[in-house]
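Here are my notes on this model, point by point. Please read them with the structure open.

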Amino acid sequence: MGGLRLLAVALTCCWWPQGSQGKTLRGSFSSTAAQDAQGQRIGHFEFHGDHALLCVRINNIAVAVGKEAKLYLFQAQEWLKLQESSHGYSCSEKLSKAQLTMTMNQTEHNLTVSQIPSPQTWHVFYADKYTCQDDKENSQVEDIPFEMVLLNTDAEGNPFDHFSAGESGLHEFFFLLVLVYFVIACICAALWQAIKKGGPMHMILKVLTTALLLQAGSALANYIHFSSYSRDGIGVPFMGSLAEFFDIASQIQMSYLLLSLCMGWTIVRMKKSQSRPLQWDSTPASTGIAVFIVMTQSILLLWEQFEDTSHHSYHSHHNLAGILLIILRICLALSLGCGLYQIITVERSTLKREFYITFAKGCILWFLCHPVLACISVIFSDYQRDKVVTIGVILCQSVSMVILYRLFLSHSLYWEVSSLSSVTLPLTISSGHKSRPHF
(Lines give C-alpha, C1' and ligand atoms only; values in the text may rest on other atoms or scores of the structure.)
Protein backbone atom coordinates (compact mmCIF):
# COMPACT_ATOMS: atom_id res chain seq x y z
CA MET A 1 0.00 0.00 0.00
CA GLY A 2 2.90 2.34 0.68
CA GLY A 3 4.11 2.10 -2.92
CA LEU A 4 0.64 2.98 -4.19
CA ARG A 5 0.50 6.02 -1.92
CA LEU A 6 3.82 7.23 -3.26
CA LEU A 7 2.52 6.72 -6.78
CA ALA A 8 -0.62 8.72 -5.97
CA VAL A 9 1.38 11.59 -4.50
CA ALA A 10 3.84 11.61 -7.40
CA LEU A 11 1.07 11.61 -10.02
CA THR A 12 -0.92 14.29 -8.27
CA CYS A 13 2.05 16.55 -7.64
CA CYS A 14 2.77 16.53 -11.37
CA TRP A 15 -0.40 18.57 -11.70
CA TRP A 16 -0.90 21.72 -9.68
CA PRO A 17 -3.45 24.02 -11.30
CA GLN A 18 -3.60 27.76 -10.81
CA GLY A 19 -6.91 27.39 -9.06
CA SER A 20 -10.05 29.27 -9.80
CA GLN A 21 -10.02 32.26 -12.05
CA GLY A 22 -11.70 34.60 -9.63
CA LYS A 23 -14.40 37.12 -10.47
CA THR A 24 -11.96 39.91 -9.77
CA LEU A 25 -9.97 39.77 -12.98
CA ARG A 26 -6.66 41.49 -13.57
CA GLY A 27 -4.73 41.71 -16.82
CA SER A 28 -4.15 43.89 -19.87
CA PHE A 29 -6.31 44.86 -22.81
CA SER A 30 -4.18 44.03 -25.84
CA SER A 31 -4.86 45.33 -29.34
CA THR A 32 -2.70 42.58 -30.83
CA ALA A 33 -4.62 39.82 -29.02
CA ALA A 34 -7.94 41.42 -29.97
CA GLN A 35 -6.93 41.61 -33.64
CA ASP A 36 -5.69 38.02 -33.75
CA ALA A 37 -8.92 36.62 -32.29
CA GLN A 38 -11.35 39.27 -33.60
CA GLY A 39 -11.96 40.28 -30.01
CA GLN A 40 -9.90 39.55 -26.91
CA ARG A 41 -11.79 37.19 -24.59
CA ILE A 42 -11.63 38.60 -21.06
CA GLY A 43 -13.84 36.17 -19.16
CA HIS A 44 -17.38 35.01 -18.52
CA PHE A 45 -19.80 35.27 -15.64
CA GLU A 46 -23.27 33.96 -14.79
CA PHE A 47 -25.26 37.05 -13.90
CA HIS A 48 -28.59 36.88 -12.09
CA GLY A 49 -30.94 39.38 -10.49
CA ASP A 50 -32.04 42.85 -11.54
CA HIS A 51 -28.93 44.87 -10.68
CA ALA A 52 -25.86 42.77 -11.46
CA LEU A 53 -22.76 44.89 -11.96
CA LEU A 54 -19.61 44.91 -14.07
CA CYS A 55 -16.97 47.36 -12.82
CA VAL A 56 -13.76 48.12 -14.77
CA ARG A 57 -10.84 50.23 -13.61
CA ILE A 58 -8.05 51.41 -15.94
CA ASN A 59 -5.16 53.83 -15.49
CA ASN A 60 -4.05 54.80 -18.99
CA ILE A 61 -7.10 56.77 -20.13
CA ALA A 62 -5.28 58.56 -22.98
CA VAL A 63 -4.31 55.27 -24.67
CA ALA A 64 -7.83 53.89 -24.21
CA VAL A 65 -9.41 56.98 -25.79
CA GLY A 66 -6.86 56.96 -28.64
CA LYS A 67 -7.61 53.33 -29.46
CA GLU A 68 -11.39 53.77 -29.03
CA ALA A 69 -11.31 50.92 -26.54
CA LYS A 70 -14.62 49.16 -25.84
CA LEU A 71 -15.98 46.15 -24.00
CA TYR A 72 -18.60 43.95 -25.63
CA LEU A 73 -20.92 41.65 -23.67
CA PHE A 74 -22.61 38.71 -25.37
CA GLN A 75 -25.14 36.31 -23.91
CA ALA A 76 -23.73 32.79 -24.17
CA GLN A 77 -26.52 31.47 -26.40
CA GLU A 78 -26.29 34.41 -28.78
CA TRP A 79 -22.51 34.11 -28.96
CA LEU A 80 -22.81 30.39 -29.72
CA LYS A 81 -25.25 31.14 -32.52
CA LEU A 82 -22.81 33.64 -34.02
CA GLN A 83 -19.99 31.09 -33.89
CA GLU A 84 -22.09 28.34 -35.50
CA SER A 85 -23.83 30.57 -38.02
CA SER A 86 -23.34 29.79 -41.70
CA HIS A 87 -23.76 33.43 -42.70
CA GLY A 88 -20.06 34.13 -42.23
CA TYR A 89 -20.34 37.37 -40.28
CA SER A 90 -17.41 39.73 -40.57
CA CYS A 91 -15.48 40.95 -37.54
CA SER A 92 -17.38 44.24 -37.29
CA GLU A 93 -20.74 42.52 -37.83
CA LYS A 94 -20.08 40.12 -34.95
CA LEU A 95 -19.15 42.96 -32.60
CA SER A 96 -22.21 44.95 -33.61
CA LYS A 97 -24.45 42.14 -32.39
CA ALA A 98 -23.25 42.45 -28.77
CA GLN A 99 -26.13 42.85 -26.32
CA LEU A 100 -24.19 45.42 -24.23
CA THR A 101 -21.32 47.76 -25.08
CA MET A 102 -19.11 49.88 -22.83
CA THR A 103 -16.84 52.67 -24.11
CA MET A 104 -13.79 53.11 -21.87
CA ASN A 105 -13.00 56.80 -21.56
CA GLN A 106 -12.86 57.13 -17.77
CA THR A 107 -10.78 55.74 -14.93
CA GLU A 108 -13.69 53.68 -13.60
CA HIS A 109 -16.72 52.36 -15.45
CA ASN A 110 -19.81 50.68 -14.02
CA LEU A 111 -22.20 48.73 -16.21
CA THR A 112 -25.46 47.44 -14.76
CA VAL A 113 -26.75 44.18 -16.22
CA SER A 114 -30.46 44.28 -15.38
CA GLN A 115 -33.77 42.63 -16.20
CA ILE A 116 -32.38 39.08 -16.29
CA PRO A 117 -35.39 36.71 -16.00
CA SER A 118 -33.17 33.70 -15.25
CA PRO A 119 -29.42 33.27 -14.61
CA GLN A 120 -27.46 33.56 -17.85
CA THR A 121 -23.81 33.28 -18.80
CA TRP A 122 -22.32 36.41 -20.37
CA HIS A 123 -19.01 36.55 -22.27
CA VAL A 124 -16.89 39.71 -22.06
CA PHE A 125 -14.67 40.73 -25.00
CA TYR A 126 -12.33 43.63 -25.59
CA ALA A 127 -11.97 45.32 -28.98
CA ASP A 128 -10.73 48.65 -30.33
CA LYS A 129 -10.39 50.41 -33.67
CA TYR A 130 -7.53 48.11 -34.70
CA THR A 131 -9.39 44.84 -34.03
CA CYS A 132 -11.06 44.50 -37.42
CA GLN A 133 -8.17 45.93 -39.48
CA ASP A 134 -5.91 43.75 -41.58
CA ASP A 135 -2.79 45.84 -40.98
CA LYS A 136 -1.14 44.46 -37.84
CA GLU A 137 1.54 47.14 -37.68
CA ASN A 138 -0.97 49.72 -36.47
CA SER A 139 -2.01 47.46 -33.59
CA GLN A 140 1.45 47.46 -32.00
CA VAL A 141 0.46 50.02 -29.38
CA GLU A 142 0.62 50.10 -25.62
CA ASP A 143 -1.54 47.64 -23.69
CA ILE A 144 -4.02 48.87 -21.08
CA PRO A 145 -3.75 47.30 -17.60
CA PHE A 146 -7.16 46.73 -16.01
CA GLU A 147 -9.01 45.36 -13.02
CA MET A 148 -12.51 44.01 -13.57
CA VAL A 149 -14.98 43.10 -10.82
CA LEU A 150 -18.08 41.03 -11.66
CA LEU A 151 -20.85 41.13 -9.07
CA ASN A 152 -24.31 39.69 -8.57
CA THR A 153 -27.00 40.98 -6.25
CA ASP A 154 -27.07 39.66 -2.70
CA ALA A 155 -30.12 38.78 -0.60
CA GLU A 156 -30.82 42.48 0.01
CA GLY A 157 -30.66 43.35 -3.69
CA ASN A 158 -27.26 45.07 -3.56
CA PRO A 159 -24.49 44.16 -6.07
CA PHE A 160 -21.99 42.79 -3.53
CA ASP A 161 -22.00 39.05 -4.32
CA HIS A 162 -18.84 37.74 -6.06
CA PHE A 163 -20.34 34.30 -6.71
CA SER A 164 -21.82 33.58 -10.10
CA ALA A 165 -25.16 31.78 -10.35
CA GLY A 166 -23.32 28.47 -10.84
CA GLU A 167 -21.33 28.94 -7.62
CA SER A 168 -23.98 30.34 -5.31
CA GLY A 169 -24.67 28.08 -2.35
CA LEU A 170 -21.36 26.19 -2.49
CA HIS A 171 -19.83 28.33 0.28
CA GLU A 172 -22.69 27.47 2.64
CA PHE A 173 -22.61 23.79 1.60
CA PHE A 174 -18.90 23.40 2.38
CA PHE A 175 -19.40 25.20 5.71
CA LEU A 176 -22.07 22.66 6.71
CA LEU A 177 -19.89 19.82 5.45
CA VAL A 178 -16.90 20.95 7.53
CA LEU A 179 -19.20 21.31 10.54
CA VAL A 180 -20.48 17.75 10.08
CA TYR A 181 -16.92 16.39 9.81
CA PHE A 182 -15.96 18.27 12.98
CA VAL A 183 -18.92 16.81 14.91
CA ILE A 184 -18.11 13.32 13.64
CA ALA A 185 -14.48 13.73 14.73
CA CYS A 186 -15.62 14.73 18.22
CA ILE A 187 -17.96 11.78 18.75
CA CYS A 188 -15.97 9.04 17.04
CA ALA A 189 -13.29 8.46 19.64
CA ALA A 190 -14.24 4.77 19.53
CA LEU A 191 -13.08 4.59 15.92
CA TRP A 192 -9.65 5.89 16.88
CA GLN A 193 -9.46 3.31 19.67
CA ALA A 194 -10.36 0.54 17.21
CA ILE A 195 -7.63 1.64 14.80
CA LYS A 196 -5.09 2.09 17.59
CA LYS A 197 -5.82 -1.33 19.12
CA GLY A 198 -5.26 -3.22 15.86
CA GLY A 199 -6.99 -6.53 15.26
CA PRO A 200 -8.48 -8.05 12.13
CA MET A 201 -10.13 -4.79 11.07
CA HIS A 202 -6.99 -2.68 11.47
CA MET A 203 -5.94 -2.41 7.82
CA ILE A 204 -9.37 -1.76 6.34
CA LEU A 205 -10.26 0.82 9.01
CA LYS A 206 -6.92 2.52 8.53
CA VAL A 207 -7.38 2.87 4.76
CA LEU A 208 -11.04 3.85 5.06
CA THR A 209 -10.26 6.48 7.69
CA THR A 210 -7.41 7.88 5.60
CA ALA A 211 -9.84 8.35 2.69
CA LEU A 212 -12.33 10.02 5.04
CA LEU A 213 -9.66 12.40 6.38
CA LEU A 214 -8.66 13.30 2.82
CA GLN A 215 -12.29 14.12 2.01
CA ALA A 216 -12.55 16.23 5.16
CA GLY A 217 -9.34 18.03 4.17
CA SER A 218 -10.78 18.71 0.73
CA ALA A 219 -13.97 20.15 2.24
CA LEU A 220 -11.97 22.37 4.62
CA ALA A 221 -9.70 23.66 1.83
CA ASN A 222 -12.74 24.41 -0.34
CA TYR A 223 -14.40 26.26 2.53
CA ILE A 224 -11.30 28.41 3.14
CA HIS A 225 -11.06 29.17 -0.59
CA PHE A 226 -14.74 30.12 -0.92
CA SER A 227 -14.67 32.18 2.29
CA SER A 228 -11.91 34.34 0.87
CA TYR A 229 -13.58 34.31 -2.55
CA SER A 230 -16.77 35.76 -1.06
CA ARG A 231 -14.81 38.82 0.10
CA ASP A 232 -12.55 39.64 -2.85
CA GLY A 233 -13.68 37.52 -5.82
CA ILE A 234 -10.27 35.83 -6.02
CA GLY A 235 -10.09 33.47 -3.08
CA VAL A 236 -7.01 31.44 -2.20
CA PRO A 237 -5.99 29.58 -5.39
CA PHE A 238 -3.54 27.40 -3.44
CA MET A 239 -6.35 26.13 -1.20
CA GLY A 240 -8.50 25.42 -4.24
CA SER A 241 -5.70 23.36 -5.72
CA LEU A 242 -5.11 21.64 -2.38
CA ALA A 243 -8.79 20.65 -2.24
CA GLU A 244 -8.50 18.95 -5.63
CA PHE A 245 -5.28 17.24 -4.51
CA PHE A 246 -7.01 15.79 -1.44
CA ASP A 247 -10.02 14.71 -3.46
CA ILE A 248 -7.94 12.83 -6.05
CA ALA A 249 -5.93 11.14 -3.28
CA SER A 250 -9.19 10.12 -1.58
CA GLN A 251 -10.57 8.68 -4.82
CA ILE A 252 -7.36 6.65 -5.27
CA GLN A 253 -7.46 5.34 -1.69
CA MET A 254 -11.08 4.22 -1.92
CA SER A 255 -10.70 2.69 -5.37
CA TYR A 256 -7.71 0.65 -4.23
CA LEU A 257 -9.54 -0.47 -1.08
CA LEU A 258 -12.73 -1.57 -2.85
CA LEU A 259 -10.92 -3.20 -5.75
CA SER A 260 -8.58 -5.12 -3.44
CA LEU A 261 -11.52 -6.46 -1.45
CA CYS A 262 -13.60 -7.41 -4.48
CA MET A 263 -10.69 -8.89 -6.43
CA GLY A 264 -9.67 -10.83 -3.31
CA TRP A 265 -13.05 -12.48 -2.91
CA THR A 266 -13.32 -13.19 -6.64
CA ILE A 267 -9.91 -14.84 -6.72
CA VAL A 268 -10.72 -16.89 -3.62
CA ARG A 269 -13.82 -18.23 -5.34
CA MET A 270 -11.83 -19.22 -8.43
CA LYS A 271 -8.95 -20.88 -6.59
CA LYS A 272 -9.03 -24.64 -6.35
CA SER A 273 -6.60 -24.83 -3.49
CA GLN A 274 -7.72 -22.84 -0.46
CA SER A 275 -5.07 -23.87 1.99
CA ARG A 276 -3.49 -20.43 2.21
CA PRO A 277 -5.36 -17.53 3.82
CA LEU A 278 -5.94 -14.54 1.55
CA GLN A 279 -4.02 -11.54 2.91
CA TRP A 280 -3.71 -7.89 1.86
CA ASP A 281 -0.08 -8.25 0.75
CA SER A 282 0.05 -11.95 -0.10
CA THR A 283 -2.13 -11.99 -3.22
CA PRO A 284 -0.15 -10.68 -6.20
CA ALA A 285 -3.05 -11.17 -8.62
CA SER A 286 -5.60 -9.08 -6.70
CA THR A 287 -3.01 -6.43 -5.82
CA GLY A 288 -1.79 -6.24 -9.43
CA ILE A 289 -5.28 -5.84 -10.85
CA ALA A 290 -6.18 -3.19 -8.28
CA VAL A 291 -2.97 -1.22 -8.87
CA PHE A 292 -3.42 -1.30 -12.66
CA ILE A 293 -7.00 -0.04 -12.52
CA VAL A 294 -6.15 2.63 -9.94
CA MET A 295 -3.21 3.85 -12.06
CA THR A 296 -5.52 4.08 -15.07
CA GLN A 297 -8.05 6.06 -13.06
CA SER A 298 -5.31 8.35 -11.70
CA ILE A 299 -4.03 9.14 -15.20
CA LEU A 300 -7.57 9.90 -16.42
CA LEU A 301 -8.23 12.14 -13.39
CA LEU A 302 -5.05 14.13 -14.05
CA TRP A 303 -5.79 14.30 -17.76
CA GLU A 304 -9.25 15.67 -17.03
CA GLN A 305 -7.78 18.32 -14.73
CA PHE A 306 -5.36 19.44 -17.45
CA GLU A 307 -8.24 19.67 -19.94
CA ASP A 308 -10.54 21.62 -17.62
CA THR A 309 -8.60 24.39 -15.88
CA SER A 310 -11.56 25.80 -13.95
CA HIS A 311 -11.48 25.00 -10.25
CA HIS A 312 -13.87 22.31 -9.09
CA SER A 313 -13.15 18.78 -8.00
CA TYR A 314 -16.10 17.23 -9.82
CA HIS A 315 -16.43 17.90 -13.52
CA SER A 316 -19.33 17.56 -15.94
CA HIS A 317 -17.34 15.26 -18.25
CA HIS A 318 -17.44 17.26 -21.48
CA ASN A 319 -13.98 16.14 -22.66
CA LEU A 320 -12.50 12.81 -23.71
CA ALA A 321 -10.83 12.12 -20.36
CA GLY A 322 -14.12 12.72 -18.52
CA ILE A 323 -16.01 10.39 -20.86
CA LEU A 324 -13.37 7.67 -20.36
CA LEU A 325 -13.68 8.12 -16.59
CA ILE A 326 -17.44 7.61 -16.82
CA ILE A 327 -16.94 4.44 -18.88
CA LEU A 328 -14.29 3.14 -16.43
CA ARG A 329 -16.51 3.72 -13.39
CA ILE A 330 -19.51 2.08 -15.05
CA CYS A 331 -17.39 -0.93 -16.06
CA LEU A 332 -16.01 -1.22 -12.52
CA ALA A 333 -19.48 -1.05 -10.97
CA LEU A 334 -20.85 -3.64 -13.40
CA SER A 335 -17.92 -6.05 -13.08
CA LEU A 336 -17.80 -5.84 -9.28
CA GLY A 337 -21.58 -6.09 -9.06
CA CYS A 338 -21.60 -9.18 -11.29
CA GLY A 339 -18.79 -10.81 -9.32
CA LEU A 340 -20.50 -10.23 -6.00
CA TYR A 341 -23.86 -11.33 -7.45
CA GLN A 342 -22.37 -14.68 -8.43
CA ILE A 343 -21.05 -15.10 -4.90
CA ILE A 344 -24.40 -14.13 -3.37
CA THR A 345 -26.47 -16.50 -5.53
CA VAL A 346 -24.47 -19.59 -4.49
CA GLU A 347 -24.00 -18.55 -0.86
CA ARG A 348 -26.10 -20.56 1.61
CA SER A 349 -25.20 -18.67 4.77
CA THR A 350 -27.71 -15.86 5.47
CA LEU A 351 -25.06 -13.95 7.45
CA LYS A 352 -22.52 -13.98 4.65
CA ARG A 353 -25.16 -13.24 2.00
CA GLU A 354 -26.32 -10.20 3.96
CA PHE A 355 -22.73 -9.03 4.28
CA TYR A 356 -22.03 -9.34 0.53
CA ILE A 357 -25.27 -7.54 -0.39
CA THR A 358 -24.48 -4.59 1.88
CA PHE A 359 -20.92 -4.40 0.62
CA ALA A 360 -22.15 -4.49 -3.01
CA LYS A 361 -24.45 -1.51 -2.26
CA GLY A 362 -21.52 0.50 -0.91
CA CYS A 363 -19.29 -0.34 -3.91
CA ILE A 364 -21.91 0.35 -6.57
CA LEU A 365 -22.95 3.63 -4.92
CA TRP A 366 -19.31 4.81 -4.79
CA PHE A 367 -18.51 4.02 -8.43
CA LEU A 368 -21.86 4.85 -10.08
CA CYS A 369 -22.85 8.07 -8.30
CA HIS A 370 -20.62 10.27 -10.46
CA PRO A 371 -21.67 8.89 -13.89
CA VAL A 372 -25.36 8.84 -12.90
CA LEU A 373 -25.30 12.41 -11.56
CA ALA A 374 -23.40 13.62 -14.63
CA CYS A 375 -26.22 12.20 -16.78
CA ILE A 376 -28.98 13.55 -14.52
CA SER A 377 -27.41 17.03 -14.55
CA VAL A 378 -28.18 17.32 -18.27
CA ILE A 379 -31.85 17.99 -17.47
CA PHE A 380 -30.88 21.03 -15.35
CA SER A 381 -29.93 24.48 -16.57
CA ASP A 382 -26.29 25.09 -17.45
CA TYR A 383 -25.59 27.11 -14.33
CA GLN A 384 -26.98 24.35 -12.06
CA ARG A 385 -25.13 21.35 -13.51
CA ASP A 386 -21.80 21.70 -11.71
CA LYS A 387 -23.57 22.25 -8.39
CA VAL A 388 -25.75 19.18 -8.89
CA VAL A 389 -22.71 17.01 -9.66
CA THR A 390 -20.52 18.45 -6.90
CA ILE A 391 -23.05 18.32 -4.07
CA GLY A 392 -24.58 15.04 -5.23
CA VAL A 393 -21.27 13.17 -5.53
CA ILE A 394 -20.04 14.34 -2.12
CA LEU A 395 -23.29 13.27 -0.43
CA CYS A 396 -23.49 9.90 -2.23
CA GLN A 397 -19.87 9.02 -1.50
CA SER A 398 -20.36 10.04 2.12
CA VAL A 399 -23.32 7.65 2.35
CA SER A 400 -21.17 4.94 0.75
CA MET A 401 -18.49 5.43 3.41
CA VAL A 402 -21.10 5.30 6.17
CA ILE A 403 -22.35 1.96 4.77
CA LEU A 404 -18.81 0.56 4.74
CA TYR A 405 -18.02 1.84 8.24
CA ARG A 406 -21.17 0.26 9.65
CA LEU A 407 -20.33 -2.96 7.84
CA PHE A 408 -16.79 -3.23 9.18
CA LEU A 409 -17.44 -1.81 12.65
CA SER A 410 -20.62 -3.75 13.49
CA HIS A 411 -18.81 -5.90 16.08
CA SER A 412 -17.90 -7.35 13.58
CA LEU A 413 -20.02 -8.77 10.82
CA TYR A 414 -16.95 -8.84 8.58
CA TRP A 415 -15.06 -10.86 11.18
CA GLU A 416 -17.92 -13.32 11.66
CA VAL A 417 -18.19 -13.81 7.90
CA SER A 418 -14.46 -14.42 7.74
CA SER A 419 -14.70 -16.93 10.58
CA LEU A 420 -17.40 -18.87 8.72
CA SER A 421 -15.33 -18.97 5.51
CA SER A 422 -12.97 -21.74 4.49
CA VAL A 423 -10.29 -19.07 4.11
CA THR A 424 -9.74 -15.67 5.67
CA LEU A 425 -11.44 -12.89 3.70
CA PRO A 426 -9.38 -9.99 2.32
CA LEU A 427 -7.80 -7.57 4.78
CA THR A 428 -8.08 -9.77 7.86
CA ILE A 429 -4.79 -10.39 9.63
CA SER A 430 -4.65 -14.18 9.61
CA SER A 431 -6.76 -17.27 10.12
CA GLY A 432 -5.24 -17.68 13.58
CA HIS A 433 -7.41 -14.81 14.87
CA LYS A 434 -10.70 -16.60 14.33
CA SER A 435 -11.36 -17.14 18.01
CA ARG A 436 -13.02 -13.76 18.77
CA PRO A 437 -13.31 -10.20 17.51
CA HIS A 438 -10.49 -7.81 18.39
CA PHE A 439 -12.51 -4.86 19.65
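1. Two strands pair if DSSP finds at least two bridges between them. Helices (H or I, at least four residues) and strands (E, at least two) are DSSP runs, numbered from the N terminus. This is a predicted model: local features need pLDDT of at least 70, side-chain atom pairs count only at pLDDT 80 or more, and totals for chains, interfaces and linings use all residues. Residues are numbered from 1 along each chain as its sequence is written, and side-chain values use heavy atoms, with hydrogens and water left out.

2. Strands 1 and 8 (residues 144–151) run antiparallel and are joined by 6 bridges. Thr24 has Val149 of strand 8 as its bridge partner.

3. The open sheet has 4 strands in the order 1-8-3-6, with antiparallel pairing. Strand 1 (24–29) and strand 6 (108–113) are at the edges with a single partner strand each, so one side of each lacks a neighbour in the sheet.

4. A salt bridge puts a side-chain nitrogen of Lys or Arg within 4 Å of a carboxyl oxygen of Asp or Glu. By this rule there are 5 salt bridges. In one of them, Glu147 meets Arg26 at 2.9 Å, N to O. Glu147 is in strand 8 and Arg26 in strand 1, so this pair ties together parts 121 residues apart in sequence.

5. Accessibility classes are as follows: buried is under 20% relative accessible area, exposed over 50%, partly exposed in between (1.4 Å probe, protein chains only). Glu147 is partly exposed at 22%. Arg26 is exposed at 55%.

6. Another salt bridge joins Arg385 and Asp382 (3.0 Å, N to O). They are 3 residues apart in helix 13 (residues 382–409), about one helical turn. Arg385 is partly exposed at 23%, whereas Asp382 is exposed at 56%. Elsewhere, salt bridges with shared partners link Arg26, Arg57, Glu108 and Glu147 into one network.

7. Now the aromatics. Rings of Phe, Tyr and Trp (its six-membered ring) pair if their centres lie within 6.5 Å; planes under 30 degrees apart count as stacked, over 60 as edge-to-face and the rest as tilted. The structure has 14 aromatic pairs. Phe174 and Phe226 have ring centres 5.8 Å apart and planes at 15°, so they are stacked. Phe174 is in helix 6 and Phe226 in helix 8 (residues 202–232), 52 residues apart. Both Phe174 and Phe226 are buried. One aromatic cluster holds Phe163, Phe173, Phe174, Phe226 and Tyr229.
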